[in-house]
Amino acid sequence: MTTQTIERPVVATSPRPSRRRHSGVEGAKARAGWLLLAPSLVHSVIFIAIPGLMAVYLSFTNARVAGQGDWIGLKNYLDLFQDAQFVNAVKNTLLYTIAVVPVALSLAVALGLNQKIPARGLFRTLFYIPVVTSTVAVAAVWLWIYNPAAGLGNQVLAFFGLARSGWLTDPDVALPALMVVGVWQGLGAKMIIYLAALQSISQDLIEAATLDGASRWQTFWNVTWPGLGPVHFFVLVTSIAGSFQVFDLIYVTTGGGPANATNVLTFDIFTNAFERLHIGYASAETVIMLVFVGILISLGRLSLRNREDL
């Protein structure tokens, strides 16, 4: 009895890529990425991370400009909330933020300038000029507008038969007057971001909604608003951070006055750190300011989560 050998057909197989070669390419990409990120990372570590950690540490000490200071625990924080000037600065900062941050006006302007209107490019430029203008120059112009004797503000009031105002010298009017400046200067930055986002929305979706009989409001709420996506959150974060950092406008126009009516957190931190030389106390104020910023950003994110996936 003979045994027959059955020959199996040889199936050609494609060569498998070398794992070592694949890992080498990925490693090269990773190294290139870290190399490109290195300048920003070094900057962030030196000028953000290290000073931030130092501020947290110093907030638990009684450090002054010269010398490290002694560890005093939570004393600075306990003293802060008994300090009427600090509480007033927190109130003014929150009021300023509430007035300046809302993005509805910027979105409305962006929607208007996204239409085909005459001189659209000129209007876009005019709205954006205050953003690229130095805040000191902006403050100088508004100091003239708010001049009680010969300023444009009182001339407008007189034209309509209204009583003149002290503007920046009146404790009841000074902060709202600076809110107007903040809204005017920050409008263009938020507008240009929204304008870029609006131009990225597919016109086919808008036309489809129109053909289905949707009104302008329905088209905006169900197509345009969701199409803006995370732009809402980006604008919110940058606006809150910018409003909490307001300093040069206060410094040039009112110096925190009159009667501390325009004293905000950044100006109070500056006063305690560089005039009163209480570095530990000012560091505690800085930490609390960062906590406030984080809380407001978190609340803003929660309010937007119902309409978009962040």
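Q: Which helices are included in what covers the buried residues of α6?
A: Some terms come first. This is a predicted model, in which local features need pLDDT of at least 70, side-chain atom pairs count only at pLDDT 80 or more, and totals for chains, interfaces and linings use all residues. Residues are numbered from 1 along each chain as its sequence is written, and side-chain values use heavy atoms, with hydrogens and water left out. Helices (H or I, at least four residues) and strands (E, at least two) are DSSP runs, numbered from the N terminus. Buried means under 20% relative accessible area, exposed over 50%, and partly exposed in between (1.4 Å probe, protein chains only). Contact means heavy atoms within 4.5 Å. Here the cover of the buried residues of α6 includes α5 (120–132), α7 (152–159), α8 (174–198) and α12 (248–253).

Q: Which residues of helix α6 are buried, and why do they line one face of the helix?
A: The arc is that of the directions from the helix axis to the C-beta atoms. In helix α6 (residues 135–145), the buried residues are Thr135, Val138, Ala139, Trp142 and Ile145. Seen down the axis of α6, these buried residues fall within an arc of 110°, so they line one face.

Q: How many helices and strands does the protein chain have?
A: The chain contains 14 helices and zero strands. Of its 310 residues, 35% are buried.

Q: Which residues form the salt bridge?
A: Side chains of opposite charge can pair when their charged atoms come close. A salt bridge is a side-chain nitrogen of Lys or Arg within 4 Å of a carboxyl oxygen of Asp or Glu. A search of the whole structure finds one: Lys75 pairs with Asp79, with the closest N and O atoms 2.7 Å apart. The two residues lie four apart in helix α2 (residues 75–80), so about one helical turn separates Lys75 and Asp79. Lys75 is partly exposed at 44% relative accessibility, and Asp79 is partly exposed at 26%.

Q: Which residues form one aromatic cluster?
A: Rings of Phe, Tyr and Trp (its six-membered ring) pair if their centres lie within 6.5 Å; planes under 30 degrees apart count as stacked, over 60 as edge-to-face and the rest as tilted. The structure holds 19 aromatic pairs, and one cluster consists of Phe247, Tyr251, Phe267, Phe270 and Phe274.
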